[in-house]
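The topics are taken up one interface at a time.

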Amino acid sequence: MKKPNIWAWFILVIGLIYFFLPLFSVFEFSLRMIKGTYSFEAYRVAFTDPAFFSHFGYSLLWALLTISVSLLLVVPTAYWVHWRLPRVRPVIEFITLMPFVVPAVVLTFGLIRLYAQPPILLIGSPVLLIAGYVVLSFPYMFRAVDTGLRAMDVRTLTEAALSMGAGWGTILAKVIFPNLRVAILSGIFLTFAIVMGEFTFASLLSWPAFGPYMEEIGAMRAYTPQAMAVISFLLTWASIGLFQWIGRGAPGQEQVAGAH
Amino acid sequence: MSSNDRPLSRKISRRDFLKVGALAGATATLAACAPKVAETTAGLPDLTSGNSIPLDQLIPAAQSEGQLTTIALPHDWANYGEIIETYKTKYNMTINELNPDAGSSDELEAIRANKESKGPQAPDVIDIGVGHTATAMADGLVAKYKVADWDTIPMKDPDGYWWAEYYGVLVFEVIKPAIANTPQDWEDLLKPEYKGMVAMAGDVLKSNQSVQTVLAAGLSRTGGDFEKAPEAGLQFWKEMNEAGNFIPVIADQGKIAQGETPIVIEWDYLALANRDALAGNPDLDIKVPTTGVLAGPYAGGISAYAPHPYAARLWWEFVMSDEGQLLYLKGYAHPIRFNDMAKRGVIPADLAAKLPPAEAYEKAFFPSVEQLTSSKAYITENWRKVVYGE
Amino acid sequence: MGNNPVLEEKILTKRESKKGSAQPARSPRFDFNWAWLGVAPFFLFALAFLFLPSFSIVVRSFQGVDGSFTFKNIIAILTESDIINAYQASLSISVITAIGGGFFGFLLAYAVILGGMPRGMRTFMVTFSGVASNFAGVPLAFAFIATMGNAGLITRWIEAIFEINVRQMGFSIYTIWGLSIVYMYFQFPLMVLIMAPALDGLRREWREACENLGGSAWQYWRYVAFPILLPSILGTMILLFGNAFGAYATAYAFSGSFINLVTILIGAQIQGDVLYNPGLGNALALGMIIIMSVCMFGYAYMQRKTSRWVR
């Protein structure tokens with residue numbers, strides 16, 4: 001065990017200052033709602049707004065739906081590709097990276113144009129929104145599951161299970177999923193974070209999601225949006241921390257890119 | 001594991017479940033179809049003529065629809081919060097509020113996207129910048145209707161496709177503790193004491209408010225000559241940028257409260273609403289500029305594909321009535337029928353007192369739709385060229 | 001990756017017996033079709049909700065304001081000065097934050113993984129990086145304005161200590177450099193998150209072998225560690241480049257369209273209240289897609305080179 005490097009400490013301190021100073025600025029501002037003194041008034045107001053909970057609830061519901069559809073679509077496909085069609089993997093990987101390449105606003109308009117008239121009329125129901133979210137979740141979900149699958153030897157495990165007489169249901173439930181548990185959790189968490197914070201799709205398709213709500217509050221109020229930003233940061237931190245703790249020691253936790 | 005092993009009883013119950021499910025689905029579909037059949041029965045007021053429908057027929061028709069879908073109406077904008085609540089309680093209706101954040105083009109896009117769908121995403125009524133009315137009419141997105149108070153509306157489409165609802169003028173919103181001398185007019189903004197202090201409340205390439213900000217400055221410079229105003233306005237903001245007085249950031253209540261933007265130019269009703277909301281934290285001073293007072297009216301319309309056409313017409317009867325217009329005034333926006341109402345003496349004195357002095361508004365310039373469209377095009381195309389030299 | 005035909009046969013026959021049906025031995029061709037069925041749902045979904053809408057971008061790039069076919073938009077993005085400037089600005093901010101983010105992010109990752117820190121510090125940094133890499137848009141922009149803006153925390157400290165008026169000096173953060181500093185907030189963590197496993201993969205045996213052979217620390221890094229890490233570093237920097245190029249919410253929240261970037265321009269053309277030339281917006285998007293695709297290919301290529309070592 002090397003003793004701590006002086007340079008390492010120096011770099012770390014600079015890094016921490018860079019990261020925490022802006023957070024502190026927002027926090028300090030959020031405490032100034034009552035003139036002349038520091039208080040948590042902004043936080044109290046943020047939480048007593050009924051619209052906060054209704055929009056949060058909506059986004060929560062759609063996040064859960066998105067996660068379900070995404071899991072159903074991605075996990076079997078990734079597994080199948082690893083097991084049977086390894087040569088297709090680069091194609092799938094390219095597809096899952098496409099949501100980074102195409103700007104969200106253009107994609108949304110494309111979706112609206114395509115699916116706003118008969119015979120395929122998707123615009124009145126949340127189907128289009130969920131579909132958009134699932135597409136956005138592809139990079140994270142696939143990456144997570146793919147990394148998890150790469151870290152375990154899929155072929156050997158599957159063939160061993162098959163040769164011992166297991167059916168596909170048993171293989172998926174008892175061999176694959178338990179080993180992918182952490183990877184899937186990682187994908188779920190990232191998808192959840194994306195859907196909760198997503199703005200473009202929800203706004204253009206006019207659904208009362210949390211992202212547009214935060215945007216509106218940010219434009220029309222002071223102090224409360226900053227309080228909400230602090231809260232959401234802390235919540236995200238707690239969740240990731242919890243998730244890190246659950247998945248400690250497990251292989252395959254990689255992130256592709258953050259929100260921007 | 002194989003299906004042969006399952007007991008017969010389980011197989012049957014699964015089939016039964018599927019049958020029941022199919023039956024339920026079919027019943028639901030039929031039930032959904034049924035009311036539509038009932039609705040087209042005779043007895044409902046005519047929609048095609050565009051004439052005002054008397055309230056005793058309109059209210060029950062609207063109530064049978066039960067719901068109104070609005071879009072782009074933030075509660076803090078011109079007191080829409082109270083207008084919405086009053087409509088709901090007065091006529092016992094529900095309101096489905098879409099996307100308060102939407103801009104005028106988003107509203108038109110929402111109508112376009114939902115032409116074939118009567119779902120909850122289709123707006124019934126819209127509130128757009130006057131400059132967008134041309135597009136709305138050209139694309140066939142709005143239906144015509146003349147409210148009962150039609151004749152007293154000074155700004156409208158003669159056939160009834162749109163009408164102005166309220167207007168505001170651009171004002172200087174100043175943080176008192178930070179600024180010793182409130183600027184009185186546009187040229188004052190160029191003074192060195194305001195270096196790094198002046199911001200717009202929107203983005204010039206995206207927001208009507210900011211385009212009007214450029215226009216108003218130009219109007220002040222040209223002394224009221226509208227034709228030369230766009231060019232003069234761009235020149236003004238070029239000087240503002242070069243002097244370093246202009247902060248290229250989009251101001252909002254948070255940035256004002258934080259102190260980043262001590263002088264903001266925005267609509268008077270928004271500035272006054274900010275002053276109320278911040279309640280002295282910090283103290284705001286609102287000043288209507290001495291020259292270059294530009295009025296920015298917003299226009300209302302009914303979607304040509306509205307799922308609730310009667311509820312939509314009832315909304316407008318309400319909003320354009322004295323009662324509705326006074327609610328705008330309560331939100332510091334000048335109702336478009338202000339002059340008519342003042343003449344008849346229906347404006348409460350205490351409400352009028354809360355606004356900036358009426359003399360300041362006497363010089364307000366109301367651009368026509370054509371003037372707005374052409375000046376908007378000129379400003380957006382030349383903004384970066386003139387101000388940033390690109 | 002090759003198939004083991006004998007094992008395949010055994011598994012297939014086992015499956016057939018399970019189903020209890022007597023089917024003829026499957027030819028390889030039939031097997032191939034059946035396997036493709038497994039990825040069909042995914043492909044269909046991607047086609048319906050990703051490819052078709054994206055393809056419409058290409059189509060609309062050639063649409064004029066009145067709806068007719070035109071090359072005007074493509075010509076515009078190659079010739080109009082403000083569009084060229086937008087691309088230049090986006091490229092510069094992406095290069096700045098890719099290099100800067102890559103450099104300091106690598107140092108941070110090194111500090112917590114190999115710098116002899118207590119184990120807790122590493123977990124903390126990785127966790128925090130996960131959060132920070134997703135902190136973007138309006139709250140991030142506000143946080144930096146509140147820190148280094150005209151009325152920001154640091155600004156007020158400097159004004160108090162040095163007794164100067166920053167506003168009067170004409171100093172403004174609303175430039176490419178100012179925005180780059182903001183972007184670093186999600187670029188550093190991204191670098192840390194991706195480099196941490198890579199640095200982890202540097203086996204201690206290699207370091208020890210190098211020392212046993214008489215090599216110095218510098219020689220270790222120069223001849224062993226960096227060559228191994230280079231594809232990872234380069235690949236991640238390409239990713240950072242793409243991430244910055246595609247950023248929209250943060251840039252818009254920071255200074256609207258006053259800083260001229262490609263993503264801002266796209267938003268203004270497609271969605272604004274003022275401009276409305278979706279054909280041009282789509283053409284801009286097309287240009288952006290091309291640049292981003294090159295990045296993604298570069299990243300994928302580098303990733304494959306890395307996978308030799310990090311397992």
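In this predicted model, the C-alpha centres of domain 1 and domain 2 of chain B are 31 Å apart. The domain assignment places residues 14–39, 47–166 and 296–359 of chain B in domain 1, and residues 169–291 and 367–388 of chain B in domain 2. Chain A is in contact with chain C and also with chain B.

**Domain 1 and domain 2 of chain B**

- The contact involves 20 residues of domain 1 of chain B and 15 residues of domain 2 of chain B.
- About 1,400 Å² is buried between domain 1 and domain 2 of chain B, with 65% of that area on carbon and sulfur atoms.
- G296(B), Y332(B) and P356(B) provide 36% of the area that domain 1 of chain B buries against domain 2 of chain B, more than any other three residues.
- Zero salt bridges are found across this interface of chain B, and one residue pair is in polar contact.
- On the side of domain 1 of chain B that touches domain 2 of chain B, eleven residues are nonpolar, eight are polar and one is charged.

**Chain C and chain A**

- Chain C contributes 96 residues to the contact and chain A contributes 86 residues.
- The two chains, C and A, bury about 8,000 Å² between them, of which 74% lies on carbon and sulfur atoms.
- F42(C), F49(C) and L50(C) account for 9% of the area that chain C buries against chain A, more than any other three residues.
- Between chain C and chain A there are zero salt bridges and five residue pairs in polar contact.
- Helix α2 (residues 28–61) of chain C gives the largest share of the side that touches chain A, namely 21 residues.
- The side of chain C that touches chain A comprises 69 nonpolar, 19 polar and eight charged residues.

**Chain B and chain A**

- Here 26 residues of chain B meet 29 residues of chain A.
- Chain B and chain A bury about 2,300 Å² between them, 53% of it on carbon and sulfur atoms.
- D101(B), Q121(B) and N281(B) supply 24% of the area that chain B buries against chain A, more than any other three residues.
- Two salt bridges are counted between chain B and chain A; one of them joins the side chains of E109(B) and R113(A) at 3.0 Å, N to O.
- Eleven residue pairs are in polar contact between chain B and chain A.
- Elements giving two or more residues to the side of chain B that touches chain A are α4 (104–113), α8 (253–258) and α9 (268–278) of chain B, and α8(B) gives the largest share, four residues.
- The side of chain B that touches chain A has ten nonpolar, ten polar and six charged residues.

Technical notes: Residues are numbered from 1 along each chain as its sequence is written. Chains are lettered from A and ligands numbered from 1 in the order in which they are written. This is a predicted model: local features need pLDDT of at least 70, side-chain atom pairs count only at pLDDT 80 or more; totals for chains, interfaces and linings use all residues. Side-chain values use heavy atoms; hydrogens and water are left out. Domain bounds come from an automatic or database domain assignment. Contact means heavy atoms within 4.5 Å. Buried area is the accessible area (1.4 Å probe) that two parts lose on being put together, summed over both. A salt bridge is a side-chain nitrogen of Lys or Arg within 4 Å of a carboxyl oxygen of Asp or Glu. A polar contact is a pair of N or O atoms within 3.5 Å; within protein, one must be able to donate a hydrogen and the other to accept it, and residues adjacent in sequence count only if both atoms are side-chain atoms. Ala, Val, Leu, Ile, Met, Phe, Trp, Tyr, Cys and Pro count as nonpolar, Asp, Glu, Lys and Arg as charged, and the others, Gly among them, as polar.
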